[in-house]
Amino acid sequence: MLRSVIQMVRRPVMWCAMFLLPMLMFLFFPTIMDDGLPTRIPAAIVDKDGTQLSREITQTLGGMQMIKLTESLNSYTEARHAVQEGRIYGFFMIPENFEADLLAGRKPAITFYTNMTYYVPGSLLYKTFKATAIYTKAGVAVNVVENVGVNPSDFAGLMQPVNIQARGIGNPTLNYGIYLCNSFLPAVLQLMIMLVTVFSLGQEIKYYTSPHLLRMADGSIIRALVGKILPQTVVWWVMVIFMTAWLYRFNHYPMNGSWFWMIVNELLFVLAAQGFAVTVFGLLPNLRLSLSVCALLGIITFSIAAFSFPEQSMYKGLAIFSYLMPVRYNFLIYGNIALNGLPLYYSRIWFCVYFIYIFLPLPFLGRIKKAMLKPVYCP
C-alpha cells in the first residue's frame, strides 16, 4: 500500500485524473446549470410574410425567456447555413401570404427547425416554437369569432375544454441541474475510476514490476490487488463524499431521503466501478486494450445508461446494455432515495448488484496472476 501511495504521488497523471479533472467537473456542471435551465438560446426568424400578424409573432417569440432572436433571415437556405455554422440552434419560418391564407381558411403551415444534435437547447427551442405556433392559431381563432359577433368568453371553452395542471414529481421547478449533475458527475467519476484502476495495473506489466509486487504480497494476487488499489479507493471515497456534500448541501439539490444511505451508495459505487475495471483487466491483461475498452464503455454509458432517454422506450436489444455499468444503479438509487425519498427497501436490489460487481473479478484472478508473473508488454 505504501508503494502504491508513492506511485500515486510521483505521477502527475494520477493527480490530474484523481483530483484535478473531477474537481473541475464538480465546479463546471453545477455552475453552468445554476439557473436551472439554459435561457436566451440563439435562434432566428424567417418572415416571408411581412404583415402585422407575422410581426406580432416575431415580437411574441422575442419576448420568450428561452429564446434570443439573434438574426432575421430572408430564406430557408440562409437559416440552414446559420444552423450548420453554429450561429443559431434553430429557426422559425413564416411562409408567404401567411395572414391572407389564414384568414381565408386555407390552413397555411408554420415551419420551425431545431438542431437536435444539441439535445437540451434543441428540445427547449422545439417546445417554445411549438407553443408559439399553438398560441398563434388560438389568437387568430379568437379574432375570427369576435369579427362574426361571438363573445370570446363563450368560445374559450371550445378552445381549451380541459384545463391541465402539470406537477413535476421530485423536481417541481424543472431544474435541469438537479437532473443532469446527479447523473453526469457519477458517470464522469466512473470513467476516471475505471481508467485509473486499469492504468495502475497495466503499468506494473508495462514496466515489468508486477513480479516484484507479487513477491511483496507473498504470492497472493488478492493481497497484491488490495494493496495496489485500496489507496486509490480511499481517495475516490473522499471525492464522492465531497461530491455528495457539494451537490446536496452547498448547491441545495433536493435530498428527500436518507443521507446515510446515499453516502453508502456512493462508497459502494466506487468499489463496483473498480471491480468492473479489474474484471476488464482480467479479461484483457494488456494496458492498451483494457484502457481502450474501459474508455469505450465509460463513454457509451452517457447515452446508454438511460440518463436522457428512458430505458422503457429503448429498443429491447439496446435496453439490456443500459444495466451493464455500475453508474446505472447509482442513478436508480439516487432517484429512489434523494429525489423520491423512498425507504431502503425499494433500492435493496440495486445495492445487491453493487456486490456482484465487487466480486466479479474473482474468476479472473488466476489470469491476472499469470500475466503478472510473466509480464509481456504489447505496445
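Contact here means heavy atoms within 4.5 Å. The model is predicted. In it, leucine 247 touches Pro30, Cys181, Asn182, Leu185, His252 and Tyr253, leaving aside residues up to four places away in sequence.

Leu247 also belongs to the largest nonpolar core, which holds 72 residues. Trp236, Leu247, Tyr248, Tyr334 and Tyr354 touch the most other members of this core. Helix H8, residues 176–206, supplies the largest share of the core, with 14 residues. A second core of 17 residues is separate. Ile41, Met66, Ile67 and Phe129 are among its members.

The largest pocket comes next. Its volume is about 900 Å³. The pocket is lined by 32 residues, and the closest to its centre are Leu37, Leu124, Lys127, Leu174 and Tyr176. The largest share comes from H6, with eight residues. By residue type, the lining of this pocket divides into 19 nonpolar, nine polar and four charged residues.

Serine 210 lies in helix H9, which spans residues 210–216. Is this serine buried or exposed? Serine 210 has a relative accessibility of 0% and therefore counts as buried, since the cut-off for buried is under 20%. Its contacts are Glu204, Ile205, Ala371, Met372 and Pro375, again leaving aside residues up to four places away in sequence.

Definitions and conventions. Residues numbered from 1 in each chain as written. Predicted model: local features only at pLDDT ≥ 70, side-chain atom pairs only at ≥ 80, totals over all residues. Heavy atoms only, no water. Core = buried A, V, L, I, M, F, W, Y, C linked by side-chain atoms within 4.5 Å. Buried < 20%, exposed > 50% of the residue type's maximum accessible area, 1.4 Å probe, protein only. Helix = DSSP H or I, 4+ residues; strand = E, 2+ residues; numbered from the N terminus. 1 Å grid on protein atoms, 1.4 Å probe; cavity = no way out; pocket = protein on both sides within 12 Å on 5 of 7 lines; lining within 4 Å. Points joined across faces, edges and corners; volume = space filled by probe spheres on them. Nonpolar A, V, L, I, M, F, W, Y, C, P; charged D, E, K, R; others polar.
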